[in-house]
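Visitor: I'm new to reading protein models. Could you walk me through some features, one at a time?

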Amino acid sequence: MTVYQPTKKKTALTYETIIRDVRGGDIKPVYYLMGEEGYYIDRVADFIVATLLQPEERDFNLITLFGAETNIETVINSAKGFPMGAQHLVVVVKEAQNLSGLERLEFYLRNPQPSTVLLFCHKNGALDRRKKIATLIEKAGVLYESKKLYDSQLPAFIRDYLKRKRLAVDPVAADVLASYVGADLSRLSGELDKLVLSLSSGEKTVTLALVESNIGISKDFNIFELQDALVQKDVLKVNRIANYFDKNPKINPIQKTLPALFRFYSQLMLAYYAPEKTERGIAAWLGLTDWQVRKNIMPAMQRYTGTKVMKIIGEIRRTDARSKGVGNPGTANGELMKELLFFMLH
């Protein structure tokens, strides 16, 4: 009697997995790196080049091509070459999303050059995994998709990034930095590097004060303080911040403030529909940290009704349209923001 054996689910390929395998000497003949998050694509590509080729070997053994300026025949012919004075020849195809005729790579993939590592960097999109060429790439080498991180994943990215540098970060500082910089990991890592350089000798923790003083976040007048004041319905503080924003439009443009407010009140609206109204239940429902829910969402739920929040979201949309000239004969952005904040508070 044949015993049924369930198919083992394939583990999703991650950035860490590729780095570990390359570091351990498990080198594939082809890597197709694709996706919306360019940060990990660049990191993997740079790591492979740095691991396989010494700086003095790269003049003759590193070939860089660009998808819009080359063709698949040139890529294949380059990959069929041999290394000179090195163990590997590395062919990097940047902007691979602009390369046409990729399906003709099939014949090379059936018998790739053993000493060549062919590396494709395809950003802002991905191959259709249902196509034969995607299956062949995955069979011969590595097909990796780098996806954008969710906002809730950014604090963990910050902690892990600093941990690799033997540093820690205050939870509040990580959340503020994630909210301020957003999900552009290249920019976020650059800001983290700036903070690392700003640490005094012997300091091992990135604090909120360090973030405020080095990332251009005003301690008293920023979007986070405005959000906190709105949560508390602190009319005086909201007005003070609104006046500061009005006097410093380059530092705090309405185009930056409105999306942040829209994101917060949209999360607040969703919180009313959470199956479990506990701190942890709402955090899981929204994809936020417990700290974010405890600090802002739950206090706001006590001060705003669901109906009011829905109206606020509509008013934010209307203000955004007016700031772009729709139905607005000439009201300045500063006045638009003050009108919106008045509506939120009353």
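Predicted model: local features only at pLDDT ≥ 70, side-chain atom pairs only at ≥ 80, totals over all residues.

Visitor: Which residues of α14 are buried?

Guide: Buried means under 20% relative accessible area, exposed means over 50%, and partly exposed is in between (1.4 Å probe, protein chains only). In α14, which spans residues 279-286, the buried ones are G281, I282, A283 and L286. Their cover includes α13 and α15, going by contact, meaning heavy atoms within 4.5 Å.

Visitor: How should I read a positive phi on other residues?

Guide: Most residues other than glycine have a negative phi. Here N124 is not a glycine, yet has a positive phi of about 60°. You'll find N124 in the loop between β4 and α6 (132-140), and N124 is exposed, with a relative accessible area of 62%. R166 isn't a glycine either, and its phi is positive too, about 60°. R166 sits in the loop between α7 (154-163) and β6 (168-169) and is exposed, at 72% relative accessible area.

Visitor: Now the rings. How many aromatic pairs does the structure hold?

Guide: A pair of aromatic rings is described by the distance of the centres and the angle of the planes. Rings of Phe, Tyr and Trp (its six-membered ring) pair if their centres lie within 6.5 Å; planes under 30 degrees apart are stacked, over 60 edge-to-face, and the rest tilted. This structure holds seven such pairs. Take Y15 and Y40: their ring centres are 4.9 Å apart and their planes stand at 45°, so this pair is tilted. Y15 belongs to helix α1 (residues 15-23) and Y40 to helix α2 (residues 38-52), so the pair ties together parts 25 residues apart in sequence. Y15 is buried at 11% relative accessible area, and Y40 is buried at 12%.

Visitor: What about Y265 and Y304?

Guide: Their ring centres are 5.8 Å apart with planes at 80°, so that pair is edge-to-face. It links distant parts of the chain, 39 residues apart: Y265 is in helix α13 (residues 254-271), and Y304 is in the loop between α15 (290-303) and α16 (306-323). Both Y265 and Y304 are buried.

Visitor: Which residue lies over the face of Y304?

Guide: A charge sits over a ring if NZ of Lys or CZ of Arg is within 6 Å of the ring centre and within 35 degrees of the ring normal. K233 lies over the face of Y304, 4.6 Å from the ring centre. The charged end of K308 sits over the ring of F343, 4.1 Å from its centre.

Visitor: Last one: what is the strand order in the open sheet of five strands?

Guide: Two strands pair if DSSP finds at least two bridges between them. The order is β2-β3-β4-β1-β5, with parallel pairing. At the edges stand β2 (62-66) and β5 (142-145), each with a single partner strand, so one side of each has no neighbour in the sheet. Five bridges join β3 (residues 89-94) to β4 (residues 116-123), and V92 has L119 in β4 as its bridge partner.

How values were computed. Residues numbered from 1 in each chain as written. Heavy atoms only, no water. Helix = DSSP H or I, 4+ residues; strand = E, 2+ residues; numbered from the N terminus.
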